[in-house]
Amino acid sequence: MTDEERDPEPEPGRPDESEDAPRKGTEAVLGDSIYPHTSTFYAGPELNTGVPADPVFIRVLSKVEITIGVALFALIVFGTMYQVLGRYFPSIGWVGAGEVALMSMIAMTFITTGYLVGKNGHIVLEIFDEMLAGTRLFIALRVVSAVIMVATSLALAYEAFVKIEAEWGRLSAALHMPVGVLYLFALVGFLSAAIHSGFKIPYANRPERKLDIGEMEG
């Protein structure tokens with residue numbers, strides 16, 4: 001065999017075309033996008049595939065919570081931006097802008113508690129989940145976890161109810177709004193968390209729905 005018949009060796013520093021083929025295919029799909037392809041747990045199409053739909057009551061409750069949460073987030077943006085503008089244009093400055101953003105952030109944190117609990121969007125420690133997956137003990141673990149979450153949420157809801165009356169007479173510095181209003185959001189949020197957790201008990205033997213960012217965008 002002559003040297004001309006041999007396969008040419010790749011030039012040093014030049015990537016192999018066979019390895020580069022998948023990347024070129026991906027770039028062709030992306031077109032002129034400046035963002036590279038990402039394939040994460042929350043971006044993949046397999047998220048919640050084959051998982052049964054939540055009951056109608058839970059879906060309605062989740063929609064209400066997300067709607068209120070989006071409205072509160074808009075108030076956070078408004079209060080923050082107005083406060084920034086007030087630094088450059090003192091004539092339109094409003095001392096209550098920062099308080100609007102702060103209280104809206106607190107209220108949004110509480111009101112979305114139930115939604116995050118129901119969609120497993122909160123921080124969890126999955127110590128035994130992989131060990132017990134596919135067994136009856138795993139179902140028992142989910143039931144026990146849900147019961148503990150119901151009890152904890154009801155306890156926090158009771159504390160929020162007590163704080164509503166205790167803090168209603170105390171007014172905020174700028175808006176003069178009763179501080180107890182924030183505990184109303186806490187009461188609703190923790191009661192919602194108890195409801196979401198309670199609905200998980202009879203469905204402990206089926207796959208759980210995960211937090212879907214697309215639902216929040218909708």
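Author: Helices (H or I, at least four residues) and strands (E, at least two) are DSSP runs, numbered from the N terminus. The model is predicted, so local features need pLDDT of at least 70 and side-chain atom pairs pLDDT 80 or more, while totals for chains, interfaces and linings use all residues. Residues are numbered from 1 along each chain as its sequence is written, and side-chain values use heavy atoms, without hydrogens or water.

Reader: What percentage of the residues in the chain is buried?

Author: A residue is buried under 20% relative accessible area, exposed over 50% and partly exposed in between (1.4 Å probe, protein chains only). The chain has 218 residues, and the buried share of them is 29%.

Reader: Is S153 buried or exposed?

Author: S153 has its place in helix α6, which covers residues 136–167. Its relative accessibility is 2%, and therefore S153 counts as buried.

Reader: What distance separates the C-alpha atoms of S153 and L191?

Author: Along the chain, S153 and L191 are 38 residues apart. In the predicted model, the C-alpha atoms of S153 and L191 are separated by 6.5 Å.

Reader: What distance separates the C-alpha atoms of A204 and I139?

Author: A204 and I139 are 65 residues apart along the chain. The C-alpha atoms of A204 and I139 are separated by 5.6 Å.

Reader: Is F78 buried, partly exposed or exposed?

Author: F78 has its place in helix α2, residues 56–88. The relative accessible area of F78 is 42%, so F78 is partly exposed.

Reader: Which residue forms a salt bridge with K163?

Author: A salt bridge is a side-chain nitrogen of Lys or Arg within 4 Å of a carboxyl oxygen of Asp or Glu. A search of the whole structure finds two salt bridges. In one of these, the closest N and O atoms are 3.2 Å apart, and the partner of K163 is E167.

Reader: Why are E167 and K163 separated by about one helical turn?

Author: Both E167 and K163 belong to helix α6. E167 is buried, with a relative accessible area of 12%, whereas K163 counts as partly exposed at 30% relative accessibility. The separation is about one helical turn because, in helix α6, E167 and K163 are apart by four residues.

Reader: How far apart are the closest N and O atoms of R170 and E167?

Author: At 47% relative accessibility, R170 counts as partly exposed. R170 forms a salt bridge with E167, and the closest N and O atoms are apart by 2.7 Å.

Reader: Which residues are linked in a network of salt bridges?

Author: E167 forms a salt bridge with K163, and R170 forms a salt bridge with E167. The residues linked in this network of salt bridges are K163, E167 and R170.
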